[in-house]
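Dear colleague,

Please find below the structure that I am handing over to you. My notes on it follow directly after.

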Amino acid sequence: MSEGKTQDPDLEAIYHFKQYLRIPSVHPDVDYDDCVVFLKSRAADLGLPISVFEVAPRKPVVVISWFGSQPQLPSLLLNSHMDVVPVFPEKWSHAPFSADTDSKGNIYARGSQDMKCVGIQYLEAVGRLMKANQKMKRSVHVSFVPDEEIGGQTGMKIFVESEDFRKLNVGCALDEGIASPDESFHFFYGERSLWHVFIHCMGTPGHGSLLHDDTAGEKIAIVIEKFMARRAEEKKKLKDNPNLTVGDVTTINLTTLEGGVQTNVVPPELSVGFDCRLSVDTDHKEFENWINELCKLAGPGVIADIDVRCAAGPVESLDYTNPWWCCISDTTRNMGLKLKCNIFPAATDSRYIREVGIPAFGFSPMNHTPVLLHDHDEYLNEKVFLRGINIYCKLLPALANL
């Protein structure tokens with residue numbers, strides 16, 4: 001498809017998508033000014049009011065609102081994040097912020113899957129529904145938040161605690177999912193709990209030619225062995241049960257090793273870090289006790305530091321008691337879409353929305369698409385992108401008129 005201003009709604013949508021992708025809102029130290037300017041322009045084109053809330057210095061939350069005929073009803077929030085993860089340009093076949101399109105219609109850019117596509121799909125769907133004179137009972141708020149890729153502590157986490165968020169009167173939220181390589185669409189109704197665990201091992205220092213007792217190396221070897229054994233147990237669960245996904249088990253990955261000065265010096269301290277994602281059925285107290293017992297087993301001077309400890313979050317009910325889910329299920333089934341309902345394997349801003357008692361679901365309408373979030377040569381095909389708009393054109397009226 002050619003690019004530029006046109007009367008063709010599909011070409012217009014792709015033009016807007018590429019405009020947004022070319023804004024390098026990339027970590028570290030993101031400058032969101034160009035995103036805000038772009039979104040103000042889109043709001044003006046749609047004739048919709050826009051609000052910009054600075055939840056922290058240089059951390060804007062942008063909300064574009066389409067007010068319903070019964071604004072007193074709880075609203076629908078359509079959330080996406082503006083930031084993207086770093087790139088290694090030398091690993092890309094296309095410049096990562098060029099939004100180049102190849103002969104197959106694949107649009108290459110950081111953020112094409114994660115998740116600038118969804119933010120634009122929301123706005124394009126709203127625009128098409130408005131043009132078709134579609135009426136909504138509930139108000140629809142399209143939010144664009146900062147810093148999701150670094151944990152959302154300076155974005156959605158603050159925003160949901162604010163009076164500005166409370167005034168939106170949100171009843172249900174949609175947020176990001178991930179691509180699916182087959183015909184189905186991933187749909188997420190909960191998330192695992194993120195823990196970052198560091199184990200510091202103190203021991204006897206000395207010359208590398210000797211065999212001291214109580215060394216940091218001996219202790220850290222025990223720690224690593226026990227963590228890797230628990231990791232292997234979780235891998236076995238996944239292997240033995242084809243119905244499980246990675247979101248259904250606890251993942252443990254050794255991510256950092258620190259200590260030592262040179263090879264002939266036995267160090268006084270060695271440290272190891274683990275990224276742990278606790279499954280929704282994991283007992284957090286049991287996991288913490290296991291860590292503490294492991295430290296005792298490794299020997300004196302072994303200390304656990306749990307740097308990040310996310311509480312067990314709520315999980316949405318996927319049954320008749322949840323009218324939002326019933327609406328989504330009925331609408332997607334009538335469209336012939338196959339949903340794969342899972343626990344999200346990583347972490348998104350949905351967890352902060354759920355923590356304040358609001359149902360939130362993760363859904364990025366991308367099927368027949370390899371999962372390339374955070375990868376080199378991230379891309380999304382034009383046809384997949386456009387089909388996502390059509391899906392939202394059916395889903396949003398169903399939810400906003402519930």
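**Backbone geometry**

Ala99 is buried, with a relative accessible area of 1%. This residue belongs to the loop between strand 3 (75-81) and strand 4 (100-101). Please bear in mind throughout that the model is predicted.

Most residues other than glycine have a negative phi, and most peptide bonds are trans. Ala99 is not a glycine, yet its phi is positive, at about 55°. Asn169 likewise has a positive phi of about 55° without being a glycine. Asn169 is placed in the loop between helix 5 (163-167) and strand 7 (170-175), and with a relative accessible area of 32% it is partly exposed.

His27 and Pro28 are joined by a cis peptide bond with an omega of about 5°; Pro28 is part of the loop between helix 1 (9-21) and helix 2 (33-46). A cis bond also runs from Asp114 to Met115, where omega is near -15°. Met115 sits in the loop between strand 5 (106-108) and helix 3.

Helix 3 (residues 116-131) contains Gln121, which counts as buried at 0% relative accessibility. Gln121 and Ile391 are 270 residues apart along the chain, while their C-alpha atoms are separated by 9.3 Å.

**Aromatic rings and charges**

The structure holds 17 aromatic pairs. One of them is formed by Phe185 and Phe363, with 6.2 Å from centre to centre and 55° between the planes, which makes the pair tilted. Phe185 lies in strand 8 (residues 185-191), whereas Phe363 lies in the loop between strand 16 (360-362) and strand 17 (379-381), so this pair ties together parts that are 178 residues apart in sequence.

Phe363 also pairs with Phe187; this pair is tilted too, at 6.1 Å centre to centre and 55° between the planes. Since Phe187 is in strand 8 and Phe363 in the loop between strand 16 and strand 17, the parts tied together here are 176 residues apart in sequence. Phe185 and Phe363 are both buried, the latter with a relative accessible area of 2%. Phe187 counts as buried as well, at 1% relative accessibility.

Charged side chains lie over rings in the following places. Lys116 is over the face of Tyr20, 4.9 Å from the ring centre. Arg230 is over the face of Trp290, at 4.8 Å from the ring centre.

**Cysteines**

How many disulfides does a search of the whole structure find? The search finds 0. For Cys310, the closest cysteine sulfur is that of Cys276, and the 12 Å between them is too far for a bond. Cys341 is in no disulfide either, with the nearest cysteine sulfur, in Cys326, 12 Å away. Cys341 counts as partly exposed, at 29% relative accessibility.

**Pocket and cavities**

Rolling a probe the size of a water molecule over the atoms shows where empty space is left. The largest pocket has a volume of about 660 Å³. Its lining is made up of 31 residues, and those nearest its centre are Arg277, Phe344, Pro345, Ala346 and Ala347. Two or more lining residues come from each of strand 8, strand 9 (193-202), strand 11 (251-259), strand 13 (269-278) and strand 15 (339-344). Strand 15 gives the largest share, 4 residues. By class, the lining of the largest pocket comprises 11 nonpolar, 11 polar and 9 charged residues.

There are 2 cavities of 30 Å³ or more.

With kind regards

Notes:
Residues are numbered from 1 along each chain as its sequence is written. This is a predicted model: local features need pLDDT of at least 70, side-chain atom pairs count only at pLDDT 80 or more; totals for chains, interfaces and linings use all residues. Side-chain values use heavy atoms; hydrogens and water are left out. Rings of Phe, Tyr and Trp (its six-membered ring) pair if their centres lie within 6.5 Å; planes under 30 degrees apart count as stacked, over 60 as edge-to-face and the rest as tilted. Buried means under 20% relative accessible area, exposed over 50%, partly exposed in between (1.4 Å probe, protein chains only). A charge sits over a ring if NZ of Lys or CZ of Arg is within 6 Å of the ring centre and within 35 degrees of the ring normal. A disulfide is a pair of cysteine sulfur atoms within 2.5 Å. On a 1 Å grid over the protein atoms alone, a cavity is a set of points where a 1.4 Å probe fits but cannot get out, and a pocket is an open set with protein on both sides within 12 Å along at least five of seven lines; lining residues have an atom within 4 Å of a point. Grid points are joined across faces, edges and corners, and a volume is the space filled by probe spheres set on the points. Ala, Val, Leu, Ile, Met, Phe, Trp, Tyr, Cys and Pro count as nonpolar, Asp, Glu, Lys and Arg as charged, and the others, Gly among them, as polar.
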